[in-house]
Structure formats: structure tokens, C-alpha cells
Amino acid sequence: MTETATHTAGASTPPARFAVPGRIEVNGAVAGRWQTATLTEIRRETPRASTFRLAVPGWAGHLPGQHLMLRLTAEDGYRAQRHYSLASAPDESGHIELTLDRVADGEVSGWFHTVARPGDEIEVRGPLSGFFAWPGDRPALLLGAGSGVVPLMSMVRHHRARGLTVPLRLLVSARSPEELIYAREYGAETTPVFTRTAPAGTPVGRLSSAHLAPLLAEPPAGGWEAYVCGSNSFAEHASRLLVAAGQPVDRIRIERFG
Ligand SMILES: Cc1cc2nc3c(=O)[nH]c(=O)nc-3n(C[C@H](O)[C@H](O)[C@H](O)COP(=O)(O)OP(=O)(O)OC[C@H]3O[C@@H](n4cnc5c(N)ncnc54)[C@H](O)[C@@H]3O)c2cc1C
């Protein structure tokens with residue numbers, strides 16, 4: 001689900017007349033077409049999360065922050081479909097990457113983590129949702145927790161791949177260093193927040209106003225566009241902190257996985 005702090009965007013591709021400010025147009029023809037994707041690689045990120053690389057020859061490209069709809073079909077015709085954020089930056093490789101947390105008893109994430117092998121075929125439809133997209137044109141303050149960091153990582157990767165100079169900062173919350181997805185990839189733009197265990201010398205605790213205060217006290221020219229992604233409770237908590245610290249409500253974009 002995608003929304004501002006005050007507005008629920010509803011379906012992923014609403015008609016233009018319902019568009020909220022800042023929405024980036026989604027190509028309806030592309031978003032409505034199922035395409036075959038072939039799994040080419042599986043990379044372990046943490047004990048609970050893995051990245052799945054897919055070859056999608058007809059992929060029309062995406063913006064960082066967008067997601068897709070994924071569909072699995074069993075031999076008896078039973079189908080399950082779920083939304084997944086695009087983890088990879090947009091490129092010309094004909095491949096995309098998704099990172100899935102393994103949800104206990106999860107139908108789709110369970111299949112990916114226990115059954116899926118390179119060569120397997122699935123179906124995807126997208127990219128979807130222009131609202132949570134970041135085209136790389138405005139200072140971005142990214143707040144994510146758990147697998148909520150996935151669409152934010154696409155933004156960080158895009159920022160690096162294109163050598164963008166627009167300010168970008170990432171605050172990422174994880175239970176422990178072992179559960180920090182993409183841990184090896186973070187650089188100076190990232191502040192990790194650990195809620196249960198942390199490396200020696202690093203405080204343990206939830207994302208707090210103390211983490212946000214220095215960033216919001218010295219905003220870049222034009223101010224931050226905030227992107228918040230994670231569970232319902234994290235999205236509520238983080239967006240409340242942002243508003244309390246003075247971030248304008250209409251410049252907070254929220255994606256909930258819960
Ligand atoms: C826009 C969007 C983008 C998303 N992107 C990602 C992504 O990049 N990576 C990712 O791992 N997930 C992502 N999700 C969540 C994903 O769509 C599925 O909900 C998740 O993988 C669980 O599906 P499942 O079939 O494995 O579990 P299900 O069989 O649907 O559910 C099994 C059990 O787990 C509970 N459950 C369902 N979803 C979650 C959850 N997210 N966290 C905790 N418990 C849950 C259910 O209530 C149920 O009890 C996204 C969701 C949305 C709406």
C-alpha cells in the first residue's frame with residue numbers, strides 16, 4: 001500500500017484525475033501485461049532474506065521505489081500473487097532483482113526460500129506505483145525497517161550508479177547487524193539503527209527523534225522529500241517522528257508492507 005501521511009493512494013495505477021501531487025505516471029499498458037521472468041541467481045543477504053535475480057527480456061524499465069506484482073501458478077492451476085519492490089537500480093541489463101524476507105508460513109516467500117531454483121519461471125507485471133518512485137531529482141531522506149529497505153536500496157544504487165550529487169540519506173532499522181539487509185553495501189549516506197543487539201559502542205533502540213534531528217535541522221536547499229517504508233507500526237512511528245520534527249506532511253511518502 002502506498003500513501004502520504006494523510007492520503008491513501010489506493011490502487012497502484014489510479015486514473016490521472018485521482019493523481020496526488022508528485023505522482024509519476026505509470027504506463028498502464030506495461031503495468032497490465034504479465035511477462036515471464038526466469039530466475040537466474042539467488043543471493044543470501046541475511047539468515048531470513050535473499051535476493052532473487054530475474055531475467056525479464058521485455059522489462060520496460062522502472063524508477064527506483066516502484067514495485068511489481070508477481071504471480072506463481074501451481075500445477076493444478078492454483079495461483080498466488082503478491083507485490084514486491086524492485087531492489088535493483090534501473091539499468092539496461094534485461095534483469096531485475098527482488099529481495100524477499102522469509103515470512104513464517106508464507107505461501108509465496110516460502111516458495112522462493114525453499115523451492116525456487118535458477119531456471120524456474122514465474123510471472124511478473126509492472127512496474128507499478130509512481131507515487132513512491134524517486135526519479136533522482138530531489139533531496140531524499142529515506143527511512144526503512146526490515147525488508148522495507150528494499151525500494152530505498154534501489155534509490156541508493158541509482159544515486160551511485162548515476163553519480164548523482166543531489167543529497168540522499170538513509171536511516172535503516174534492523175533487529176541486529178546479522179539481520180541488516182545489504183549490510184556490505186552501505187556507505188557514508190547510511191545510518192543503521194539496531195533495535196535488539198548492536199555492535200559494541202553502538203546504542204540499541206528504536207529510531208528516534210535524536211536520529212532525525214540533525215538531518216532535519218540542516219535541510220538541503222528545497223528541503224527533503226521523505227520516503228518511509230516498512231511494517232505498519234514502523235511507518236506510523238517514523239512518519240510521526242518526521243512530522244513532530246517539522247517535516248511537511250505532504251512531503252512524506254509512505255509504503256507499507258504489513
Ligand atoms: C507495495 C508492496 C511491496 C512489497 N515489497 C516487499 C519486498 O520487497 N520484500 C518482501 O519481503 N516483502 C514485500 N512485500 C510484502 C509481500 O507482498 C508479501 O506480503 C510477503 O512476502 C508475504 O507473502 P507470503 O505469501 O509469503 O505470506 P502469506 O502466505 O500471505 O502470509 C503468511 C502469514 O504471514 C503474515 N504476513 C503476510 N505478510 C507479512 C509481512 N510482510 N510481514 C510479516 N508477516 C506477514 C500473514 O498475516 C500470514 O499470517 C511488499 C508488499 C507491498 C504491499
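1. Y182 has its place in the loop between β9 (168-174) and β10 (190-194), where strands are DSSP runs of E with at least two residues, helices are DSSP runs of H or I with at least four residues, and both are numbered from the N terminus. This is a predicted model, in which local features need pLDDT of at least 70 and side-chain atom pairs count only at pLDDT 80 or more, while totals for chains, interfaces and linings use all residues. Residues are numbered from 1 along each chain as its sequence is written, and side-chain values use heavy atoms, with hydrogens and water left out.

2. Although Y182 is not a glycine, its phi is positive, near 65°. Y182 is buried, at a relative accessible area of 2% (buried means under 20%, exposed over 50% and partly exposed in between, with a 1.4 Å probe and protein chains only).

3. D105, also a residue other than glycine, has a positive phi of about 60°, and it belongs to the loop between β6 (95-101) and α2 (107-114). D105 is exposed, with a relative accessible area of 84%.

4. D120 sits in the loop between α2 and β7 and is partly exposed, its relative accessible area being 25%. Setting aside neighbours within four places in sequence, D120 is in contact (heavy atoms within 4.5 Å) with A37, T38, L39, W111 and V115. From D120 to T38 the C-alpha to C-alpha separation is 5.8 Å, although the two are 82 residues apart in sequence. The side chain of D120 also reaches the backbone nitrogen of R117 at 2.8 Å.

5. The peptide bond from G126 to P127 is cis, with omega near 10°, and P127 lies in strand β7 (residues 121-128).

Notes:
A polar contact is a pair of N or O atoms within 3.5 Å; within protein, one must be able to donate a hydrogen and the other to accept it, and residues adjacent in sequence count only if both atoms are side-chain atoms.
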